Amino acid sequence: MLGEFPDNDEAVFWKNVLSVNKDLAESNSGTICFEESTDVLLLIKSVGVQGIDATKLKKIVEDFVSTVEKLIGFFTSERD
């Protein structure tokens, strides 16, 4: 175990971030990262493009955008 979370509202938010991040990693949908200089969360996904056609690349981008939209909705509702 790396550590425990204190019992407060901020800890609940970060528990949810880490839980979602685990699900994303398991489904190979990307990884949530914290960008310290701007205090934002980023979704990062590596895409191998060697030998990929335009149709497949379009599908990958559409899936990524869909994931981003779902995450924005999830984290927006978490703050309310």
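**Exercise 1.** Work out which classes of residue make up the lining of the largest pocket.

*Solution.* Start with the classes: the lining has nine nonpolar, one polar and one charged residues. Here Ala, Val, Leu, Ile, Met, Phe, Trp, Tyr, Cys and Pro count as nonpolar, Asp, Glu, Lys and Arg as charged, and the others, Gly among them, as polar. Next, look at who supplies them: α2 gives the most, with six residues, and both β2 (40-44) and α2 supply at least two each. Helices (H or I, at least four residues) and strands (E, at least two) are DSSP runs, numbered from the N terminus.

Before you go on, a quick note: this is a predicted model, where local features need pLDDT of at least 70, side-chain atom pairs count only at pLDDT 80 or more, and totals for chains, interfaces and linings use all residues. Residues are numbered from 1 along each chain as its sequence is written, and side-chain values use heavy atoms, leaving out hydrogens and water.

**Exercise 2.** Find the residues with a positive phi that are not glycine, starting with Asn28, and say whether Asn28 is buried or exposed.

*Solution.* Most residues other than glycine have a negative phi. Now check Asn28: its phi is positive, about 55°, and it sits in the loop between α1 (9-26) and β1 (31-35). Asn28 counts as exposed because its relative accessibility is 60% (buried is under 20% relative accessible area, exposed over 50%, partly exposed in between, with a 1.4 Å probe and protein chains only). Then try Asp39, in the loop between β1 and β2: it also has a positive phi of about 55°, and at 57% it is exposed too.
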